[in-house]
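I set out to record the sheet and the surface charge of this protein. My entries follow the model shown here.

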Amino acid sequence: MNQSRPTDSNISLDSESAVRNPAGMLAQPYQLYVERTDATKNMARYYAMSIEPTLFGEACLIRRWGRIGAGGQSLAHHFTHEEEAVALFLDVLRQKRSRGYRPKPRSPAESIA
């Protein structure tokens, strides 16, 4: 038997969680993809990082690296505060730039599109 009851539109399961966790979303997206190639050494490497929110509202720095065209490896770091993830992101970025990693050069076809 279906009994209809009056509902109170002021009560919502989602409204409380939005108030308790206003910082659940990241302030801005953080993504990086860089490559290091040297034909004389047969070197073709990539390094990618991104900061993404977890289901629990924490920040997660995901790092991926390997040889270009291969699956590579990945590592995830979980932080309670976005600022900690950004600090590690910037620190790793400085390390990679000092080792010769640079953004992927655009092909002429990509710059037209």
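I worked from a predicted model, in which local features need pLDDT of at least 70, side-chain atom pairs count only at pLDDT 80 or more, and totals for chains, interfaces and linings use all residues. Residues are numbered from 1 along each chain as its sequence is written, and side-chain values use heavy atoms, with hydrogens and water left out.

I found 5 strands in an open, antiparallel sheet of order 4-3-2-1-5. Strand 4 (73–79) and strand 5 (102–103) are its edges, each pairing on one side only. Strands are DSSP runs of E with at least two residues, numbered from the N terminus; two strands pair if DSSP finds at least two bridges between them.

**Strand 2.** I looked up its neighbours. Strand 1 (residues 30–38) joins strand 2 antiparallel over 9 bridges, and Tyr-33 has Ala-48 as its bridge partner. To strand 3 (residues 59–67), strand 2 is likewise joined by 9 bridges, with Tyr-46 opposite Gly-66. I noted that 8 of the 11 residues of strand 2 are buried (under 20% relative accessible area, 1.4 Å probe, protein chains only).

**Turns.** Asn-42 has a positive phi near 55 degrees in the hairpin of strands 1 and 2, which has 4 residues between the strands. The hairpin of strands 2 and 3 has 5 residues between them, and Gly-57 in that turn has a positive phi of about 85 degrees.

**Patch.** Lys-41, Arg-45, Arg-67 and Arg-99 form a positive surface patch (residues with over 30% relative accessible area and no salt bridge, like charges joined within 9 Å; a salt bridge is a Lys or Arg side-chain nitrogen within 4 Å of an Asp or Glu carboxyl oxygen). Arg-45 belongs to strand 2 (residues 43–53) and has a relative accessible area of 37%.

Conventions. Patch = residues over 30% accessible without salt bridge, like charges linked within 9 Å, V, L, I, M, F, W, Y side chains within 5 Å. Areas by Shrake-Rupley, 256 points an atom, 1.4 Å probe, with all protein chains shown as cover. Lys, Arg positive; Asp, Glu negative; His and termini not counted. Charge placed at Lys NZ, Arg CZ, Asp CG, Glu CD. Buried < 20%, exposed > 50% of the residue type's maximum accessible area, 1.4 Å probe, protein only.
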